[in-house]
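Keep the 3D view open and follow along.

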Amino acid sequence: MNDAPARPLLFTPITLRGITIPNRTVVAPMVQYRSRHGIPGDFHFAHLGKFALGRFGIVMTEATAVEARGRVTHGCPGIWNDEQMTAWGRIADYIRAEGSVPAIQLAHAGRKAATHRAMENTLPYGPEDVWPAVGPTTEPTSAGHQTPHALTSAEIREIVQAFADAAMRADAAGFDIAEIHGAHGYLLASFLSPISNTRNDQYGGDRAGRMRFPLEVTRAVRAVWPRNKPLFFRVSALDGADGWNLDDTVAFALELKALGVDVVDCSSGGLTGTATAAPIPRHPGFQVPFAAAVKQAGVPSMAVGLILDGPQAEQILRDGHADLIAIGRQALYDPFWPLHAAEALGCDPGFGLWPEEYGWWLAKRSQSLIRA
Ligand SMILES: Cc1cc2nc3c(=O)[nH]c(=O)nc-3n(C[C@H](O)[C@H](O)[C@H](O)COP(=O)(O)O)c2cc1C
């Protein structure tokens with residue numbers, strides 16, 4: 001009889017298209033405001049590199065703008081030119097060399113462009129710092145925020161192309177997964193919700209009209225993103241303003257899947273006010289039901305939001321609520337989160353998952369501690 005403990009699902013590899021992810025842990029996209037001219041630098045190398053050393057299965061960049069207008073702050077990175085692409089390439093190569101899968105979140109701030117950092121309550125920049133915000137209409141994201149330019153159909157098609165161009169650069173930079181940012185009230189999310197999208201042309205109106213622009217972006221990115229590389233899409237499962245609900249999300253997720261999206265990443269909120277304002281009370285795993293609903297509909301999903309430790313993450317997978325587990329703030333607190341989760345789940349007693357240069361010494365340290 002084999003009584004070896006079953007391998008935790010959290011540490012069971014998963015293959016999506018041609019990419020094998022060594023475990024189910026993902027660094028959630030987290031903006032850092034540390035770029036200059038949209039170029040990631042040494043900070044990003046160290047910041048993202050340490051998560052690869054911590055053995056996350058996927059290390060995802062922060063929201064990365066597909067055009068200069070699409071940045072939230074002056075410090076947000078982009079991938080709209082070759083200099084940015086080259087800088088990302090060094091980081092993606094290192095993440096892969098450590099055995100993690102490098103992923104990039106492709107984003108456009110839309111109505112929420114040109115604001116200060118979260119630490120400054122995302123207040124709008126003064127007039128001297130402003131670049132034009134764009135959106136479905138001229139309605140600002142909140143009182144006091146910039147009046148956006150209402151995009152014409154031709155301008156929408158230019159942004160679709162900007163996403164596709166960014167995806168091609170992301171591929172050339174060596175990223176193996178791209179995630180389209182369609183959450184938190186940024187450009188694509190602002191088209192989905194009937195609260196922010198009151199257009200009456202082909203890009204507004206009923207749900208099909210409001211989904212048109214995000215789906216065109218998805219189709220264009222999928223067309224240039226290599227067939228062997230997975231494509232993720234992040235949604236706000238609820239917009240936080242009672243305009244877009246979970247039924248809408250499930251219908252949208254099915255459309256995304258039909259276009260070749262491999263995983264729907266289920267966040268919530270942010271349509272008005274700050275991006276971090278989720279619409280429901282926060283408690284550990286508060287957004288897991290959204291990932292569960294999407295998965296239940298037959299679309300692979302990623303759960304995120306106050307997932308704190310290995311046993312909690314393992315239970316989400318065992319319950320069949322999600323396929324991947326994204327860790328945000330807990331990864332800032334503990335960049336070696338996956339390794340500590342493996343320890344907690346009892347599947348790495350000899351520190352074999354650690355970088356050898358650390359694990360060899362930690363195993364010796366354990367023996368010393370036992371002897372002492
Ligand atoms: C510092 C920070 C920056 C964030 N930046 C982004 C971002 O660039 N794109 C995004 O989709 N979500 C962003 N988020 C949201 C996270 O990806 C995640 O969904 C959220 O923090 C909830 O997960 P957690 O409880 O594990 O932190 C950010 C969150 C934090 C804390």
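A residue counts as buried if 20 or more other C-beta atoms lie within 10 Å of its own, as exposed if there are 12 or fewer, and as partly exposed in between. Keep in mind that this is a predicted model.

Let us start with phenylalanine 290, which sits in helix 7 (residues 288-296). Is phenylalanine 290 buried or exposed? Its C-beta has 29 others within 10 Å, so phenylalanine 290 is buried. Setting aside residues up to four places away in sequence, phenylalanine 290 touches Ala237, Leu246, Thr249, Cys266 and Ser268. For a sense of distance, phenylalanine 290 and alanine 107 are separated by 183 residues in sequence and by 21 Å in space, C-alpha to C-alpha.

Methionine 211 belongs to helix 5. This residue counts as buried because 22 C-beta neighbours lie inside 10 Å. Apart from neighbours within four places in sequence, methionine 211 is in contact with Leu192, Phe252 and Glu255.

Leucine 353 is found in the loop between helix 10 (337-344) and helix 11 (356-371). With 18 other C-beta atoms within 10 Å, leucine 353 is partly exposed. If residues up to four places away in sequence are not counted, leucine 353 touches Arg55, Leu339, Ala342 and Asp348. Leucine 353 and tyrosine 333 are 20 residues apart in sequence, with 20 Å between their C-alpha atoms.

Tyrosine 33 lies between strand 3 (25-27) and helix 1, and its phi is near 60 degrees, a positive value in a residue other than glycine. Tyrosine 33 has 17 C-beta neighbours inside 10 Å and therefore counts as partly exposed. Asparagine 121 lies in the loop between strand 5 (101-107) and strand 6 (134-135). Asparagine 121 also has a positive phi, of about 60 degrees, although it is not a glycine. How many other C-beta atoms lie within 10 Å of asparagine 121? The count is 10, so asparagine 121 is exposed.

The table gives the geometry of each pair.

| Helix pair | Axis separation | Angle |
|---|---|---|
| Helix 1 (residues 42-53) and helix 2 (residues 82-97) | within 9 Å | roughly 15 degrees |
| Helix 5 (residues 207-224) and helix 6 (residues 246-258) | 11 Å | about 40 degrees |
| Helix 8 (residues 310-318) and helix 10 | within 8 Å | roughly 80 degrees |

Which way do helix 5 and helix 6 lie relative to each other? Their angle makes helix 5 oblique to helix 6, and the crossing of the two is right-handed. On the helix 5 side the contact is made by Arg207, Met211, Leu215 and Thr218, and on the helix 6 side by Asp248, Ala251, Phe252, Glu255 and Leu256. By class, the residues of this contact are 5 nonpolar, 1 polar and 3 charged. Methionine 211, met above as a buried residue, is thus part of this contact.

Helix 1 and helix 2 are roughly parallel to each other, and their crossing is right-handed. Here His44, Phe45, Leu48, Gly49 and Ala52 of helix 1 meet Arg90, Ile91, Tyr94 and Ile95 of helix 2. The contact of helix 1 with helix 2 has 6 nonpolar, 2 polar and 1 charged residues.

Helix 8 and helix 10, in turn, are roughly perpendicular. Gly310, Pro311 and Ala313 in helix 8 meet Ala341, Ala342 and Ala344 in helix 10. This contact divides into 5 nonpolar residues, 1 polar and no charged. Ala342 of helix 10 is also one of the residues that leucine 353 touches.

**Around the ligand**

Which residues are the closest to the ligand? Of the 20 residues that surround the ligand, the closest are Ala28, Met30, Ala63, Gly328 and Arg329. Strand 4 (58-65) and helix 9 (329-333) are the elements that give two or more residues to this shell. By class, the shell is made up of 10 nonpolar, 7 polar and 3 charged residues.

Key
Residues numbered from 1 in each chain as written. Predicted model: local features only at pLDDT ≥ 70, side-chain atom pairs only at ≥ 80, totals over all residues. Axes fitted to C-alpha atoms, helices over the stretch in contact; angles between N-to-C directions. Helix = DSSP H or I, 4+ residues; strand = E, 2+ residues; numbered from the N terminus. Parallel < 35°, antiparallel > 145°, perpendicular 65-115°, else oblique. Left-handed = near helix turned anticlockwise from the far one by under 90°. Contact = placed C-beta atoms within 7 Å. Nonpolar A, V, L, I, M, F, W, Y, C, P; charged D, E, K, R; others polar. Near = placed C-beta within 6 Å.
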